[in-house]
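Subject: Structure handover

Hello,

Here is the structure I promised to pass on. My notes follow below it.

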Amino acid sequence: RFMGSWYVLGHIPVRLVKEHTASNAVETYTWNEAKQEMWVHYRFNENALDGKINDSYQRGWVFNKETSTEWRVSPKLPLLG
């Protein structure tokens, strides 16, 4: 239900990846059935709407398996796209 691409309307910046200057931010969620985890691809333009594209990747999993209502997310390396 929640897999797919989502526009990021607001965020708490992480200066490590220059996210504080993000424009056109989109997160794409993909479920990996074999590993029972989700992959998160975060993509945005730096400094301007037509700025350099920056990508970062994370993996997530269902933390509350009883209700499937709580996820946890952890960064994948490399942190910089």
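Arg59 counts as partly exposed, at 31% relative accessibility. The terms work like this: buried is under 20% relative accessible area, exposed is over 50%, and partly exposed lies in between (1.4 Å probe, protein chains only). Arg59 forms a salt bridge with Glu37, with 3.8 Å between the closest N and O atoms. A salt bridge here is a side-chain nitrogen of Lys or Arg within 4 Å of a carboxyl oxygen of Asp or Glu. The pair links distant parts of the chain: Glu37 sits in strand E3 (residues 37-46) and Arg59 in strand E4 (residues 53-62), 22 residues apart. Glu37 is buried, at 12% relative accessible area.

Before the rest, a word on the source. This is a predicted model, in which local features need pLDDT of at least 70 and side-chain atom pairs count only at pLDDT 80 or more, while totals for chains, interfaces and linings use all residues. Residues are numbered from 1 along each chain as its sequence is written, and side-chain values use heavy atoms, with hydrogens and water left out.

Overall layout

The protein has zero helices and five strands. From the N terminus the order is β-β-β-β-β. Helices (H or I, at least four residues) and strands (E, at least two) are DSSP runs, numbered from the N terminus. Of the 81 residues, 23% count as buried. The accessible surface comes to about 6100 Å², and 56% of it belongs to carbon and sulfur atoms. Those areas come from the Shrake-Rupley method with a 1.4 Å probe; for residues, only the protein chains shown count as cover. Take the contacts between residues at least 6 apart in sequence: 25% of them join residues at least 24 apart. A contact means heavy atoms within 4.5 Å.

Strand pairing

E3 and E4 pair in the antiparallel sense over eight bridges. E4 and E5 are also antiparallel, over five bridges. Two strands pair if DSSP finds at least two bridges between them. In the second pairing, Gly60 stands opposite Val73 in E5. The hairpin of E3 and E4 has six residues between the strands, and Asn47 there takes a positive phi near 70°.

The other salt bridges

The structure holds three salt bridges. One joins Asp55 and Arg43, at 3.4 Å from N to O. Asp55 is in E4 and Arg43 in E3, twelve residues apart, so this pair also links distant parts of the chain. The two residues are bridge partners as well: Asp55 in E4 is the partner of Arg43. Which of the two is buried? Asp55 is, at 16% relative accessibility. Arg43 is partly exposed, at 38%.

Glu70 and Arg72 make a salt bridge too, with the closest N and O atoms 2.7 Å apart. Glu70 is partly exposed at 31% relative accessible area. Arg72 is partly exposed at 34%. Arg72 also lies over the face of Phe63, 3.7 Å from the ring centre. The rule for that: NZ of Lys or CZ of Arg within 6 Å of the ring centre and within 35 degrees of the ring normal.

Aromatic pairs

A pair of aromatic rings is described by the distance of the centres and the angle of the planes. Rings of Phe, Tyr and Trp (its six-membered ring) pair if their centres lie within 6.5 Å; planes under 30 degrees apart are stacked, over 60 edge-to-face, and the rest tilted. The count is two aromatic pairs. Tyr29 and Trp71 form a tilted pair, 6.0 Å centre to centre with 50° between the planes. Tyr29 lies in strand E2 (residues 22-32) and Trp71 in strand E5 (residues 71-75), so the pair ties together parts 42 residues apart in sequence. Tyr29 is buried at 16% relative accessibility. Trp71 is partly exposed at 31%. Tyr42 and Phe44 also form a tilted pair: 5.2 Å between centres, 40° between planes. Both Tyr42 and Phe44 are buried.

Positive phi

Asn24 has a positive phi of about 55° although it is not a glycine. Asn24 is in strand E2, and is partly exposed at 43% relative accessible area. Gln36, also not a glycine, has a positive phi near 55°. Gln36 is in the loop between E2 and E3, and counts as partly exposed at 41% relative accessibility.

Best wishes
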